Amino acid sequence: MSQPQLTARAGRSRWPSGLRAALATVTVAATAALSACANLGGLNLDTVGAPDQTTYVKLALNQTETHPSYIALDNFAERFSERTDGRWDIDIFPNEQLGSQQEVLQFVSSGAIEMAIVSGTQLENLNKDFQVLNMPTTFSDVEHQMRVIRQDEIVGDLFDSLAASNNISVIGGFTQGSRSIYTSGSPVLTPEDLHGRKIRVQESDMHIRMIQLMGGSATPLSYGEVYTAIQSGVLDGAENNEVSYVTQKHNEVAPFWSYTNHLVGLDYMIMRTDLREAMSPADRAVFDEEWDAAMTEHTALWDEETRRAIEQGEAAGAEFVTPDQEAFRTALEPIADEFLVSDQQRDLYERIRAEVEPVGEGR
Ligand code: GCU
């Protein structure tokens with residue numbers, strides 16, 4: 001059976017976005033069908049990174065081109081291509097062009113695409129230990145979170161845990177910053193204000209429970225469907241960070257932002273394990289170095305882009321209010337006992353919490 005021809009091209013090039021979107025649909029459908037009937041993923045793993053060709057890698061993202069994740073990934077792809085003399089070409093497909101996160105997770109696993117950014121909530125559905133990092137009380141702030149996920153001694157086993165079972169390697173992460181609630185109709189100032197209101201959550205048991213504890217009723221839905229669901233009145237709101245709120249234009253349909261700051265969320269960069277293993281040690285070292293730089297760039301961009309999003313949201317009429325944060329914090333306290341159910345999860349949680357910096361002591 002022949003391989004799809006979009007996977008190895010000479011030189012680095014950018015396609016017009018309409019064409020890319022069309023090709024994306026065709027490529028994923030074709031490679032998904034192919035990989036179902038043979039050990040095929042669109043790439044010949046014996047020749048990836050070879051000097052006489054360009055190895056074309058598809059990376060799925062559900063954010064817009066103005067989101068810090070796209071910017072950091074695009075720069076990462078550029079640097080990796082340059083440093084490998086164009087032998088590797090990572091093409092980023094933003095805006096869910098290749099599918100929702102739930103779908104692209106399966107595509108990476110089957111080898112239909114090579115890389116994706118997915119939220120931690122997606123990985124908890126493959127290994128419950130990821131829930132530890134998706135829990136409201138785990139990370140105190142972005143600095144704590146990024147420091148933890150760079151420590152192999154803490155997260156190494158977890159990040160490798162899907163390799164044998166799902167052909168998925170977790171390479172690292174981008175912060176989702178601090179997440180808060182936003183609603184249509186009226187702002188949320190207390191847990192009582194959430195009673196009877198339907199709030200979108202990511203596809204995660206833990207996050208369904210999180211919203212229930214906070215006083216609301218939770219509906220899991222994929223990211224790209226949230227705007228229409230709120231606009232049509234099916235949902236009363238959602239929870240996310242300011243950057244997503246504004247880049248996804250959710251402020252247009254849910255203009256009341258309440259700083260519940262209930263969760264410091266985390267996205268992961270995932271990659272086909274067989275591809276990672278097929279890379280030459282030299283290419284892999286360059287890849288890892290540039291990926292590390294991408295995490296640093298993303299974190300640096302985060303605050304600046306958050307400020308910009310708030311300004312844009314306010315200019316467009318959104319109201320940012322501070323609710324009774326203590327009431328929400330107290331409401332969420334039971335979640336740790338409910339979800340840390342194994343020794344392994346409790347141990348991971350404790351090792352992460354031990355990394356919280358005592359106030360006033362920078363490293
Ligand atoms: C954030 C996160 C995404 C996630 C989204 C969501 O934007 O970066 O990876 O998909 O939240 O709420 O679904």
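What percentage of the 363 residues in the chain do buried residues make up? Buried residues make up 57% of them. Buried means under 20% relative accessible area, exposed means over 50%, and partly exposed lies in between, with a 1.4 Å probe and protein chains only.

The model is predicted: local features need pLDDT of at least 70, side-chain atom pairs count only at pLDDT 80 or more, and totals for chains, interfaces and linings use all residues. Residues are numbered from 1 along each chain as its sequence is written, and side-chain values use heavy atoms, with hydrogens and water left out.

**Overall layout**

The chain has 15 helices and nine strands. Both are DSSP runs numbered from the N terminus: helices are H or I with at least four residues, strands are E with at least two. Contact means heavy atoms within 4.5 Å. Of the contacts in the chain with a separation of 6 or more, 77% come from residues 24 or more positions apart.

**Nonpolar cores**

A nonpolar core is a set of buried Ala, Val, Leu, Ile, Met, Phe, Trp, Tyr and Cys residues joined through side-chain atoms within 4.5 Å. The largest one has 79 residues, and L133 and I270 touch the most other members. This core draws at least three residues from each of domain 1 (19–177 + 265–298) and domain 2 (179–263 + 309–351). Those bounds come from an automatic or database domain assignment. Another core, of 17 residues, lies apart from it; Y182, A254, A318 and F320 are among its members.

Leaving out residues up to four places away in sequence, L133 touches T138, F139, I149, V155, L158, L266, Y268, L348 and I352.

The buried ones are V142, H144, Q145, M146, R147, V148 and I149. They pack against helix 6 (152–160), strand 4 (168–183), strand 8, helix 12 (281–315) and helix 15 (343–353).

T273 is found in helix 11 (residues 273–278). T273 is buried, at a relative accessible area of 6%. Its contacts include A163, N167, I168 and S169, not counting residues up to four places away in sequence.

In helix 13 (residues 325–332), the buried residues are F328, A331 and L332. Viewed down the helix axis, they fall within an arc of 95°, so they line one face of helix 13. The arc is that of the directions from the helix axis to the C-beta atoms. These residues pack against helix 8 (205–213), strand 8 (256–272) and helix 14 (334–339).

Helix 8 has M206, H207, M210, I211 and L213 buried. Down its axis, they fall within an arc of 160°, so they line one face of helix 8. S204 caps its N-terminal end, with a side-chain oxygen 3.2 Å from the backbone nitrogen of M206. Just after helix 8, G215 takes a positive phi of about 115°.

**Around the ligand**

Which residues are around the ligand? They are N62, Q63, Q101, S119, Q176, R179, R200, Q202, Y223, N240, S244 and D267. The table gives distances from a polar side-chain atom to an oxygen atom of the ligand.

| Residue | Distance to a ligand oxygen atom |
|---|---|
| Q101 | 2.9 Å |
| N240 | 3.0 Å |
| D267 | 2.6 Å |

A polar contact is a pair of N or O atoms within 3.5 Å; within protein, one must be able to donate a hydrogen and the other to accept it, and residues adjacent in sequence count only if both atoms are side-chain atoms.

Definitions and conventions
Near = heavy atom within 4 Å.
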